[in-house]
Amino acid sequence: MLQIIGYADRFSVAPGETVHFMVSAPEGRPYTARVLRLIHGDANPDGPGFKAEPVPGADLGLHRGRRQRIAMGSWGRVPHHPCLDGHDSLTLAVMIWPTTPGRGRQGLLGRWDEACHAGLLLEIDAQGCLAARVGDGSRASVQVGTGKPLQPRQWYLAAMSYDAGAGTVTLVQRPLRAFAGIDDAAEVTAPAPPPALMGLPVTMAAVADGGGVVSHYNGKLDSPRLVAGVVPTGRLEALFQAPCPGDLAARLLGAWDFARETRTTRIVDVGPHEFGGELVNLPTRAMKGFRWDGSEHCWWRKPEHYGAIHFHDTDLYDAGWEVDVQWTLPTDLRSGVYALHLACGEAEDGTEEDLIPFFVRPPRGAAGKIGRPKLAYLIPSAAYMAYANDRNHLEAEGAEMVIGRLLVYQPSDLYLQEHPELGRSLYDSHSDGSGVSISSRLRPIL
């Protein structure tokens, strides 16, 4: 199994600039770092073989190893806002389109902290049914479930209301389409303690747990709503009308429209308090929402029909590792293909070393135009990212029949199979079967 891996903060660097490297290695184990110019990267014994030459003055010394982790899975977060305080009764509502409802607990929408069991949470329970949690911060939380499994890839109105006067929580699971022989509508009321909510932010598509998140959601969310007071169950649909009825609009604490600023990672609040949030790990935006009727197939011509975001527990944008090694390129460094060579041992199978490639371009500005060669070489970095951590050879059916021989796995293949948190390529599928459409270079690419 690989012992050391890493990645650079960018692919293309000009002389005089600094490139940063993020490394994960066995805790406390020393490793060396040096820069090589790559001449020939194919280690096939039938060819010229691997060729590289050290860059003079680029021995970056000895470093102490540390394990760096990756928090995979997309979700949304909205920081705490003063408008959220001072409300004894609250209603949470959102349109959901789950893709793996039977795969364990998954957070939908909440002001909740799993570490202290405080707040309100709308979620999918371990049985694949809609559920609500109410916690007073003393680990005496109450969970209420509908007991009716959600159908995958179908739209539901999901809502919960906490009534402080009655000391109860009401949970509503309402399908947008009815199917013969399937009873998946439910409304449940149960006693619950007053929730501890002070200072808690809003979390979407996951469950907040102290400083991190757990229980990622697979599926679409559309139009999350947070309302002061109890909204009668017969008026829940009115929360999703445009415009929202005046009496309900005045009580909106948050009304997030995912069809706004779709090209960004921002979550826009169209309610009276206008407090937005951000998306983590790039879930897929401009997805068909519950309003979609097939009348327009271009999302930006009718954005209100594409107001859903598809979250996946296998989404990954930025591994978020801390910098371990950095190198400022000499101003006279020639362009070409380079790599940071890391070594924490001398295993013959290559498991104790890694090469993190990067590409040196000509100097920027006028200096780069003086004496520039007539031949340009274009690095296909888009293709590198598209195929990054491709798992087809590990998971595709009939791979051996296609190539006409038994598969021989390298240590990097085994590591990739054991570590799904490294993310997937554009030729893979997410854990819910939907295709991967976003790939990133801000992660180890094996």
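Two strands count as paired if DSSP finds at least two bridges between them. Helices (H or I, at least four residues) and strands (E, at least two) are DSSP runs, numbered from the N terminus. You're looking at a predicted model, in which local features need pLDDT of at least 70 and side-chain atom pairs count only at pLDDT 80 or more, while totals for chains, interfaces and linings use all residues. Residue numbers start from 1 along each chain as its sequence is written, and side-chain values use heavy atoms, with hydrogens and water left out.

**The whole chain**

Start zoomed out. The chain has five helices and 26 strands, and its C-alpha trace spans about 75 × 50 × 50 Å along the principal axes. Of the 446 residues, 49% are buried (under 20% relative accessible area, with exposed meaning over 50% and partly exposed in between; 1.4 Å probe, protein chains only). Contact here means heavy atoms within 4.5 Å. Among contacts between residues at least 6 apart in sequence, 66% join residues at least 24 apart.

**An open sheet**

Now select β2, β26, β25, β4 and β5. In that order, these five strands form an open sheet with mixed pairing. At the edges sit β2 (12–13) and β5 (51–64), each pairing on one side only. Show β4 (residues 30–40) next to β5: the two are antiparallel, with eight bridges.

**An enclosed strand**

Next, select residues 252–257, which make up β19. Six of its six residues are buried, so the strand is largely enclosed by the rest of the structure. Strand β18 (residues 219–228) runs antiparallel to β19 and is joined to it by three bridges; look for valine 227 bridging to leucine 252. Strand β20 (residues 266–269) is also antiparallel to β19, through two bridges. Tryptophan 256 faces aspartate 269 of β20.

**The two pockets**

Switch to a surface view. Rolling a probe the size of a water molecule over the atoms shows where empty space is left. A pocket here is an open set of points on a 1 Å grid over the protein atoms alone, where a 1.4 Å probe fits, with protein on both sides within 12 Å along at least five of seven lines; lining residues have an atom within 4 Å of a point. Volume is the space filled by probe spheres set on the points, which are joined across faces, edges and corners.

The largest pocket has a volume of about 1,600 Å³. Select Gly41, Asp354, Leu355, Ile445 and Leu446, which lie nearest its centre among 39 lining residues. Strand β26 (353–360) gives the largest share of that lining, six residues.

The second largest pocket has a volume of about 770 Å³. It is lined by 26 residues, and Ser335, Val360, Arg361, Pro362 and Tyr377 are the closest to its centre. Both β25 and β26 supply at least two residues of this lining.

**Last stop: serine 440**

Finally, select serine 440, in the segment after α5 (411–418). Is this residue buried or exposed? Serine 440 counts as buried because its relative accessibility is 4%. Its side chain reaches the backbone oxygen of tyrosine 317 at 2.6 Å, a polar contact in the sense of a pair of N or O atoms within 3.5 Å; within protein, one must be able to donate a hydrogen and the other to accept it, and residues adjacent in sequence count only if both atoms are side-chain atoms. Leaving aside neighbours within four places in sequence, serine 440 contacts Leu316, Tyr317, Met385 and Ile445.
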